[in-house]
Amino acid sequence: MKPYVYALILMLIIPFQSTLLNSISIFGIKPDLALSVLFIIGLLTGPVEAALAGISIGLVQDIGSASLFGFSGLTRGLVGLGAGLLGTRVLDITNPVIVLFLAIFSLVEGIFISLFLQATYGAVPFFTIIAGRLVPQAIYTSALCFFLLRLANRRDILRLLKRRDIQKEI
Amino acid sequence: MNGFIVKNKKSVIILLLFTTLFWLVTVQVKKGRFTILERPVLAVSGFLERIIIWPFNTVVSIGREYVFLVNTEQENRQLKEEISRLRIENGVTSELLLENDRLRELLNFRKLQQPSTIAVQIIGKELSPVSSTFTINKGSNDQIQKDLAVITADGVVGRVQTVLPGTSKVFLLTDPGNTVAVMVQRNREEGLLEGKLVNCALKYVSYYADIQEGDLVVTSGLDGIYPKGLAVGTVTKVVKQDAVAFQTVVVEPAVRFSRLEEALVLMK
């Protein structure tokens with residue numbers, strides 16, 4: 001993908017995530033726009049580019065949310081890598097089933113974060129977080145990604161952005 | 001070896017990046033959070049948040065002011081009744097305050113001063129699995145400073161963490177890095193409230209302390225950030241284990257963060 005697309009994503013991801021998505025939150029749960037976008041980048045590009053995109057998006061989110069610098073960079077980088085690897089094995093990225101993988105990525109990332117918090121700060125209500133926040137958020141994020149993929153497909157954006165670098169990476 | 005690195009250059013770079021990030025995180029856990037690049041990134045995102053939220057808020061306020069006037073008359077009546085009730089309560093409270101002042105003077109105590117407040121609008125919410133922060137629409141231009149308390153009528157929201165000219169970042173009570181000096185209102189038992197993402201936990205409460213579910217937790221004022229007596233939350237769970245010197249006390253914050261739109265910053 002072109003550098004200006006990434007620059008735009010990095011610049012707008014925090015403002016969009018923390019403002020407009022609040023209006024569609026249900027019981028305080030809102031979809032993770034950054035993860036959805038990263039998943040689509042992974043499907044469109046490839047593991048290396050998606051991992052780098054994940055690290056960049058994660059670092060910006062770390063700074064924006066005043067959390068440990070590099071933590072989301074690490075987790076988002078791994079999600080990008082996973083999405084990129086998935087992208088090399090999927091032919092039709094608009095297939096609705098594919099967003100199930102995003103739900104799994106979201107859940108695994110959340111569990112990893114919760115375990116880290118458990119180890120660092122101790123006694124975080126692990127199961128409450130999983131049942132009350134991570135699972136609903138994973139479902140909501142997948143739904144948003146499905147909507148974004150459908151929207152992009154209808155507007156032919158996917159064809160424009162489609163896997164230019166993937167052949168090189170394979 | 002060199003051949004392998006050259007052949008897998010991209011993978012090696014990614015691996016190195018992941019290792020560096022992991023090392024950075026472990027360093028911060030031990031030595032505290034890095035704040036490099038925080039100000040420029042927050043300045044850009046805060047500016048964009050204000051731009052994005054402006055048309056949205058305008059549409060919402062038009063909707064609220066002109067379209068949803070259906071229950072206004074009934075609401076107006078209820079509010080008038082509430083004002084009358086509050087006026088009576090205010091009269092009684094003023095009398096008690098005056099009496100308190102006189103008694104404090106008699107005992108040579110320092111006079112209590114009401115802190116001034118600044119009303120702020122919440123323009124961004126970041127309730128991620130890692131942290132819980134809000135962005136407010138006022139910063140150093142409005143005399144906002146680091147570590148000022150942010151409250152609502154329901155209770156404590158959090159404290160100001162990063163201040164920029166036009167916006168500020170607020171750490172919520174539930175943020176894992178946030179701690180507040182508190183006490184149980186009923187029996188003045190003190191402790192330290194720590195954020196646990198979805199709720200909070202009261203730390204360092206002795207095994208023998210009498211804490212019950214439903215107890216109101218208020219600020220003790222000992223941390224120098226929050227004035228004494230602000231509502232923090234309610235005890236929802238108490239666990240005592242025989243071999244442990246402290247109890248595990250779960251506290252549900254008094255403020256519903258997901259529904260919050262405005263707050264007050266307490267000035268020092």
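The legends below accompany close-up views of a predicted model.

View 1. Among the contacts in chain A with a separation of 6 or more, 69% are made by residues 24 or more positions apart.

**View 2. Helix α4 of chain A, residues 71-89.**

**View 3. The contact between chain A and chain B.** Chain A contributes 43 residues to this contact, and chain B contributes 46 residues. On the side of chain A that touches chain B, the elements that give two or more residues are α1 (3-18), α3 (47-64), α4, α5 (99-121) and α6 (126-154). The residues on that side of chain A comprise 24 nonpolar, 18 polar and one charged.

View 4. Strand β2(B), residues 132-136, is largely enclosed by the rest of the structure, because five of its five residues are buried. In a regular strand the side chains alternate between the two faces of the sheet. Here both faces are covered, with Ser132(B), Phe134(B) and Ile136(B) buried on one side, and Thr133(B) and Thr135(B) buried on the other. Strand β5(B), residues 168-172, pairs with β2(B) in the antiparallel sense over four bridges, and within β5(B) the residue Lys169(B) is the bridge partner of Thr135(B).

**View 5. Val251(B) and the nonpolar cores.** The largest nonpolar core has 45 residues, of which Val156(B), Val217(B), Val232(B) and Val251(B) touch the most other members. When neighbours within four places in sequence are left aside, the contacts of Val251(B) include two of these valines, Val217(B) and Val232(B), together with residues such as Leu193(B), Cys200(B), Leu202(B) and Val235(B). Another core, of 41 residues, lies apart from the largest one, and among its members are Ile14(A), Leu33(A), Ala83(A) and Leu149(A).

**View 6. The domains of chain B.** The domain assignment of chain B gives domain 1 (2-28), domain 2 (38-106) and domain 3 (116-268). Taken over C-alpha atoms, the centres of domain 1 and domain 3 of chain B are separated by 39 Å.

Conventions: Residues numbered from 1 in each chain as written. Chains lettered and ligands numbered in written order. Predicted model: local features only at pLDDT ≥ 70, side-chain atom pairs only at ≥ 80, totals over all residues. Buried ≥ 20, exposed ≤ 12 C-beta atoms within 10 Å, placed from the backbone. Pairing = 2+ DSSP bridges. Domains from an automatic or database assignment. Expected span 1.5 Å × (residues − 1). Contact = placed C-beta atoms within 7 Å. Nonpolar A, V, L, I, M, F, W, Y, C, P; charged D, E, K, R; others polar. Core = buried A, V, L, I, M, F, W, Y, C linked by C-beta atoms within 7 Å.
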